[in-house]
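This report describes one protein structure for a reader who has not seen it before. Please look over the sequence and the model first.

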Amino acid sequence: LRATLSAGQENGPAGPGSWDEEASSTLPGAPVAGAILAALVHGLIGYTPDAPSGRARLAPAFHGHLTAFHIQNLRLGESSLSLRYHRKGSDHRFELSPEIAKVPPMIVFEPTVDGARLTRATIDGVAAELDAQVHGNRTRVSVQIPLDSTRTVEFQVT
């Protein structure tokens, strides 16, 4: 994965890993790197920006083997934001931060993690009742947050 992504980034738009049509889309380079990036952005973190309305849906789906994750420069029009995740046992901590934002974007935040019962939740350190939907042994919580500063969503799922 890293080698393919690096090849696409290093070879750039004019080299063998370009975005130009290739005889085979399975060759290393930008087409494959682009597919990997799209899978990451849409599959793993569920990022769906809606720049005209200043809203974005962010629905990371993290499995139990993942204990930390950080992504920066998620674009929303002229704004950008970052997501930082840390898990310790059954405690999950998400930090959403505006990197650049003239107007605070509204984030529909819907993380999915392993565990079938939400036992505790806080937003910015204050107890919160989050909408929790259980699907098998995974739980998705939902909250809508204006990203006017770094916002912290923490919860425990067992």
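## Aromatic cluster

Phe 62, Phe 69, Tyr 85, Phe 94, Phe 109 and Phe 155 are joined into a cluster by ring pairs. Rings of Phe, Tyr and Trp (its six-membered ring) count as a pair if their centres lie within 6.5 Å; planes under 30 degrees apart are called stacked, over 60 edge-to-face, and the rest tilted. The model is a predicted one, in which local features need pLDDT of at least 70 and side-chain atom pairs count only at pLDDT 80 or more, while totals for chains, interfaces and linings use all residues. Residues are numbered from 1 along each chain as its sequence is written, and side-chain values use heavy atoms, with hydrogens and water left out.

In total, the structure holds 6 aromatic pairs. One of them is the stacked pair of Phe 62 and Phe 94, with 6.2 Å from centre to centre and 10 degrees between the planes. Phe 62 lies in the loop between strand E2 (55–58) and strand E3 (68–76), and Phe 94 in strand E5 (residues 91–100), so the pair ties together parts that are 32 residues apart in sequence. Phe 62 is buried, at a relative accessible area of 1%, and Phe 94 is buried with a relative accessible area of 1%. Here buried means under 20% relative accessible area, exposed means over 50%, and partly exposed lies in between (1.4 Å probe, protein chains only). Phe 94 also pairs with Tyr 85: the ring centres are 4.7 Å apart and the planes are at 40 degrees, so this pair is tilted. Both Tyr 85 and Phe 94 are buried.

## Overall fold

The protein has 2 helices and 12 strands. Helices (H or I, at least four residues) and strands (E, at least two) are DSSP runs, numbered from the N terminus. In sequence order the pattern is α-α-β-β-β-β-β-β-β-β-β-β-β-β.

Of the 158 residues in the protein, 37% are buried. A contact means heavy atoms within 4.5 Å. Among contacts between residues at least 6 apart in sequence, 54% join residues at least 24 apart.

## Salt bridges

The structure holds 8 salt bridges, each being a side-chain nitrogen of Lys or Arg within 4 Å of a carboxyl oxygen of Asp or Glu. One of them joins Arg 93 and Glu 154, whose closest N and O atoms are 3.3 Å apart. This pair links distant parts of the chain, with Arg 93 in strand E5 and Glu 154 in strand E12 (residues 151–157), 61 residues apart. Arg 93 is partly exposed, with a relative accessible area of 32%, and Glu 154 is partly exposed at 24% relative accessibility. A network of salt bridges links Arg 93, Glu 95 and Glu 154.

Another salt bridge is formed by the side chains of Asp 114 and Arg 138 (2.4 Å, N to O). Asp 114 is in strand E7 (residues 112–114) and Arg 138 in strand E11 (residues 138–146), so the pair ties together parts that are 24 residues apart in sequence. Asp 114 is partly exposed at 28% relative accessibility, whereas Arg 138 is buried at 13%. Asp 124 and Arg 151 also meet through their side chains in a salt bridge (2.6 Å, N to O). Since Asp 124 lies in the loop between E8 and strand E9 (126–127) and Arg 151 in strand E12, the pair ties together parts that are 27 residues apart in sequence. Asp 124 is partly exposed at 35% relative accessibility, and Arg 151 is buried at 15%.

## Surroundings of Thr 122

Thr 122 is part of strand E8 (residues 118–123). The residue is buried, with a relative accessible area of 13%. Leaving aside residues up to four places away in sequence, Thr 122 touches Ala 127, Ala 128, Thr 152, Val 153 and Glu 154.

## Second largest pocket

The second largest pocket holds about 170 Å³ of space. On a 1 Å grid over the protein atoms alone, a pocket is an open set of points where a 1.4 Å probe fits, with protein on both sides within 12 Å along at least five of seven lines; lining residues have an atom within 4 Å of a point. Grid points are joined across faces, edges and corners, and a volume is the space filled by probe spheres set on the points.

The residues lining this pocket include Ala 51, Gly 54, Leu 76, Glu 78, Ile 100, Lys 102 and Pro 105. By class, the lining has 7 nonpolar, 3 polar and 2 charged residues. Ala, Val, Leu, Ile, Met, Phe, Trp, Tyr, Cys and Pro count as nonpolar, Asp, Glu, Lys and Arg as charged, and the others, Gly among them, as polar.
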